[in-house]
Amino acid sequence: MDPLQALEIKAFVPARDFALAQRFYRSLGFEIPWHDEHLAYVRHGSTSFLLQHYDEPAFCASFQMHLLVSDADAWYARARALAAEFGVAVGEPADRPWAMRDFTLLDPSGVLWRIAHHLPKAPQGSEPRLDGRTGESAP
């Protein structure tokens, strides 16, 4: 075994209202098998992160996460159903030139999530050219 082998990496996701954030993530479909008054272990399947009670608005507003799922549209439907209850913003799903379909979700603390699934690969040679400044398809 490689003694420098990495086994796991987890982000500490900030939560301004820790109890509200835990309710939100549970409602979204995550489990919280362990928590104390400042930290929660949050997981969905084999993915996980640590939710941390950290009330720093500027930090929360600049924090981003990416979640790769099997069906972004199903996650979008779940997030939209929770938007009013938790006061979260949910962007419309879109197919991206980098072969992913995703949508944005701002959690109750303002953390930006991009939730995506892979799109089928385009045939060789038919990939779109991207504008280096905007990341959008170039003519």
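Phe-24 and Tyr-25 are both buried, that is, under 20% relative accessible area, where over 50% is exposed and the range between is partly exposed (1.4 Å probe, protein chains only). The structure is a predicted model, in which local features need pLDDT of at least 70 and side-chain atom pairs count only at pLDDT 80 or more, whereas totals for chains, interfaces and linings use all residues. Residues are numbered from 1 along each chain as its sequence is written, and side-chain values use heavy atoms, with hydrogens and water left out.

Rings of Phe, Tyr and Trp (its six-membered ring) are paired if their centres lie within 6.5 Å; planes under 30 degrees apart are stacked, those over 60 edge-to-face and the rest tilted. By this rule there are 12 aromatic pairs. Helices (H or I, at least four residues) and strands (E, at least two) are DSSP runs, numbered from the N terminus. Phe-49, like Tyr-25, is buried. Ring pairs join Phe-24, Tyr-25, Phe-30, Phe-49, Trp-75, Phe-86 and Trp-113 into a cluster.

Helix α3 comprises 15 residues (72–86) and spans 20 Å from its first C-alpha to its last, close to the expected 21 Å, which is 1.5 Å times one less than the number of residues. Its buried residues are Ala-72, Trp-75, Tyr-76, Ala-79, Leu-82, Ala-83 and Phe-86. Among the elements that cover them, with contact taken as heavy atoms within 4.5 Å, are α1 (18–28), β3 (39–44) and β5 (64–68). The N-terminal end of α3 is capped by Asp-71, a side-chain oxygen of which lies 3.0 Å from the backbone nitrogen of Asp-73. Gly-87, with a positive phi near 65 degrees, follows α3.

The largest pocket holds about 230 Å³ of space. A pocket is an open set of points on a 1 Å grid over the protein atoms alone, where a 1.4 Å probe fits, with protein on both sides within 12 Å along at least five of seven lines; lining residues have an atom within 4 Å of a point. Of the 14 residues that line the largest pocket, Ile-9, Thr-47, Ser-48, Met-65 and His-66 lie nearest its centre. The elements giving two or more residues to this lining are β4 and β5, and β5 gives the most, with 4 residues.

Key
A polar contact is a pair of N or O atoms within 3.5 Å; within protein, one must be able to donate a hydrogen and the other to accept it, and residues adjacent in sequence count only if both atoms are side-chain atoms. Grid points are joined across faces, edges and corners, and a volume is the space filled by probe spheres set on the points.
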